[in-house]
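Student: I have a model to go through with you. Can we test each label against its cut-off?
Tutor: Gladly. Put the structure up and ask.

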Amino acid sequence: FERMKLGNINIKITYGICRLDCWVQSSQNTRYYYCYYWLSFSPDFLSYLFLSYLWTWKAEMSSPDYPAEALLEKGQELLEAGQPQVALRFFQKGIKHDSGNSELLEALGATYMELGDIENALISLKKCVEVSPEESGNPWMYLGQLQRGAEALENFKKGAALIKRDYETACGNAGPGSMEASHIRMQLSAAYCSLAEMYLTDLCFENEAEKSCEMYLKQALDLNPEDPQALQAFASFCISKNKPDDARIHILKALKGIEESMRTHNDLSAEENFVFELLPFEFRVCTARILIELKEYTKAISLLDQLVEEDDEVVEVWILLGHCHISENDGEAAGECLSRGKEMVTEFLKADADNLLFREQKDRIESLEKKAQNITTGCSSQENAEPTTSA
């Protein structure tokens, strides 16, 4: 604190308390909790940065003597609490205790993925499947997400086969209606969706790509007919086959599942939400894109508004909202949304002027702003309904 020369009042108070506590007693735990208390009440970014550092300090201070299993458990708790950086420290310390622990290697690789460290994620996950190739399908699925083409396909197939094995075992032991079997059934459905998406993207020009894609999607829906992820993937497949009516049926079913998931999430207590897995943010953005492509603008706006409430700093969401309002001939609302998005992407470009994504987003915003201006000035907006979403 002393080196940083910051003027934030909470930092100053925290610093003073730390100095006083150091003088009165030598308890590191007490100093940690003083810092945590004061920084928790500060909205300042630097305060949260210090808070993250203090969590890391706590991890380093308290974990050296724990066995690998305890470090794995604590790391998983921190992941659920939204602290991947700190969880990573526990997993790394666990690996030092037991370098061949496949559960720790999987957790370490998955955390690296969450933090965007692809290189270290690949190293950890490859070592995991080398140590225990038949133990779990999850590391194979993670590897498939990090790779492309035939290599990714083979990893997805291996992962799906192992998850199917575990599902059949759970059904035999506890019955298909058990919580364990239900959980694994969802994993297997997601694995089939990943395989289907390979034939919609990387392997779309392969022989019998369409047939393979449809086969895996039907297997996913046979397992879980109400699975939003499988329904969304099938909607994308129908769009690729130029079947918009079938696509609309499936994406509206997926939207219903998303809305039910949101209601469940909102009804749960804070403690229960730690174990409730909300459908991923990007998945819901993709659902909005498909709704827009199918000209379901009102439903797309409703979904995008929910996403803005959840996180109002995602440029893509503001762009999609602007496009929807243009398609609904609401130039004023479109202009407000596009202005928010443009403000953010302009700041991002100041920090990274060569970023292709930010530049593409800025170009899209400027194109849409012209259409929004045409609406507000009374010009013809026939061309405004043309799709402007990106894949």
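Student: This is a predicted model. In what sense, left-handed or right-handed, does α4 pass α6?
Tutor: Left-handed. A crossing gets that name if the near helix is turned anticlockwise from the far one by less than a right angle.

Student: What makes α4 roughly parallel to α6?
Tutor: Take the angle. Helix α4 (residues 68–80) and α6 pack at about 30°, with their axes 10 Å apart. Angles under 35 degrees count as roughly parallel, so α4 is roughly parallel to α6.

Student: Which residues of α4 and α6 meet?
Tutor: From α4, Ala 68, Leu 72 and Leu 79. Their partners in α6 are Glu 103, Leu 104, Ala 107, Thr 111 and Glu 114.

Student: Now α7. How do you know that its length agrees with its residue count?
Tutor: α7 has 14 residues (118–131). The expected span is 1.5 Å times one less than the number of residues. That gives 20 Å, and the end C-alpha atoms are 20 Å apart, so the two agree.

Student: Which residues of α7 are buried, and what do they pack against?
Tutor: Ala 121, Leu 122, Ser 124, Leu 125, Cys 128 and Val 129 are buried. The buried residues of α7 pack against α6 (102–114) and α8 (138–146).

Student: And α8: which residues are buried there, and what covers them?
Tutor: Pro 139, Trp 140, Met 141, Leu 143, Gly 144 and Leu 146 are the buried ones. Their cover includes α6, α7, α9 (149–174) and α10 (179–200).

Student: Where is Ser 136?
Tutor: In the loop between α7 and α8.

Student: Why is Ser 136 called buried?
Tutor: Its relative accessible area is 16%. Buried means under 20%, so Ser 136 qualifies.

Student: What does Ser 136 contact, leaving aside neighbours within four places in sequence?
Tutor: Glu 106, Leu 162 and Arg 165.

Student: What makes the pair Ser 136 and Asn 138 a polar contact?
Tutor: A polar atom of the Ser 136 side chain lies 3.1 Å from the backbone nitrogen of Asn 138.

Student: Last, the whole chain. How many helices and strands are there, and what share of residues is buried?
Tutor: There are 19 helices and zero strands. Of the 391 residues, 43% count as buried.

Student: What share of the contacts with a separation of 6 or more joins residues 24 or more positions apart?
Tutor: That share is 54%.

Note on methods
Residues numbered from 1 in each chain as written. Predicted model: local features only at pLDDT ≥ 70, side-chain atom pairs only at ≥ 80, totals over all residues. Heavy atoms only, no water. Helix = DSSP H or I, 4+ residues; strand = E, 2+ residues; numbered from the N terminus. Buried < 20%, exposed > 50% of the residue type's maximum accessible area, 1.4 Å probe, protein only. Contact = heavy atoms within 4.5 Å. Polar contact = N/O pair within 3.5 Å; in protein donor to acceptor, adjacent residues only side chain to side chain. Axes fitted to C-alpha atoms, helices over the stretch in contact; angles between N-to-C directions. Parallel < 35°, antiparallel > 145°, perpendicular 65-115°, else oblique.
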